[in-house]
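Thanks for taking a look at this one with me.

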Amino acid sequence: MDGVNLRARASLLAEALPLISVEEAARTFGAGPRAIEALGPVSFEVRSGEFFCIVGPSGCGKSTLLDLVAGFERPDAGRVLVGGRPVLGPDPRRLLLFQEHALLPWRSARANVELGLELAGVPRADRRERARGLLHEMGLAGFENARPRELSGGMRQRVSIARALAVDPDVLLMDEPLGAVDALTRLRLQDELLTLQRRGARPSSW
Ligand SMILES: Nc1ncnc2c1ncn2[C@@H]1O[C@H](COP(=O)(O)OP(=O)(O)OP(=O)(O)O)[C@@H](O)[C@H]1O
Ligand SMILES: [Mg+2]
């Protein structure tokens with residue numbers, strides 16, 4: 001079989017397999033009578049390109065579950081697989097966005113978006129262009145040189161989303177990333193995320 005055929009078969013296989021598989025994963029903190037079952041056994045699959053939401057009351061284990069997929073925590077029971085491989089630790093291909101943005105205050109919006117690209121050794125001109133394009137896409141054209149303190153809460157969150165998209169992760173995990181913005185901004189940003197996703201941006205989970 002030639003290389004093209006093999007590649008086509010490999011990509012068909014990749015589409016058929018779930019990107020994320022959580023199989024009876026559970027996590028308990030502490031031991032004995034004071035043990036807290038943060039997450040009971042849970043199973044689900046997310047396919048590439050899917051927008052998957054986890055909804056539940058405060059304390060039901062949503063953040064714990066995202067930590068397992070991001071690789072910040074390991075399950076006590078069950079398995080978490082990404083791309084068919086067990087998650088053993090954090091990886092830049094699986095990014096977790098937090099409720100509060102984590103921008104570097106001394107860097108401009110553009111320099112914040114460039115951060116991951118800089119670490120990956122992307123040449124200056126390329127990362128500039130990518131950062132500018134993403135900021136534009138997130139409705140932040142003209143704010144490239146603003147520092148985080150000069151931006152509103154919703155704008156800061158958009159910069160952190162742009163920063164995450166800049167490194168083109170396979171999985172973008174979001175832990176209530178819009179929880180800190182007002183209701184109207186949240187609705188608008190939700191729409192923007194869906195539009196980005198429909199246009200072929202990242203498979204996501206939050
Ligand atoms: N590192 C930890 N050590 C001990 N207990 C923890 C730890 N992390 C989470 N828990 C407990 O696990 C349970 C689930 O917490 P988790 O943060 O996953 O909930 P959540 O669904 O994200 O809640 P919220 O909607 O309020 O963010 C809670 O009872 C919490 O106290
Ligand atoms: Mg939480």
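1. Let's begin with α2, which is mostly covered: eight of its nine residues are buried. Here a residue is buried if 20 or more other C-beta atoms, placed from the backbone, lie within 10 Å of its own. Those residues are S63, T64, L65, L66, D67, L68, V69 and A70. Helices are DSSP runs of H or I of at least four residues and strands are runs of E of at least two, numbered from the N terminus.

2. A word on the source: this is a predicted model, where local features need pLDDT of at least 70 and side-chain atom pairs count only at pLDDT 80 or more, while totals for chains, interfaces and linings use all residues. Residues are numbered from 1 along each chain as its sequence is written, and chains are lettered from A and ligands numbered from 1 in the order in which they are written.

3. What do the buried residues of α2 pack against? Their partners are β1, β2, β4 (77–82), β6 (94–97) and β7 (171–174); contact requires C-beta atoms, placed from the backbone, within 7 Å. After the helix comes G71, with a positive phi near 95°.

4. α2 also matters for reading the ligand site, giving three residues, the largest share of the shell around ligand 1. The shell consists of F29, I36, A38, G56, S58, G59, C60, G61, K62, S63 and T64, a residue being included if its C-beta atom, placed from the backbone, lies within 6 Å.

5. Strand β1 (residues 20–29) pairs with β2 in the antiparallel sense over seven bridges, where pairing needs at least two DSSP bridges. One of the bridges joins S21 to E45 of β2. Six residues lie between the strands, and G30 takes a positive phi near 75°.

6. Elsewhere, L117 sits in helix α3 (residues 109–119). Is L117 buried or exposed? It is buried, because 20 other C-beta atoms lie within 10 Å. Beyond its neighbours within four places in sequence, L117 is in contact with V122, R127, R130, A166 and V167.

7. Finally, the overall picture: the protein chain has six helices and eight strands, and 30% of its 206 residues count as buried. Of the contacts between residues at least 6 apart in sequence, 67% join residues at least 24 apart.

Definitions and conventions: A residue is buried if 20 or more other C-beta atoms lie within 10 Å of its own, exposed if 12 or fewer, and partly exposed in between; C-beta atoms are placed from the backbone. Two residues are in contact if their C-beta atoms, placed from the backbone, lie within 7 Å.
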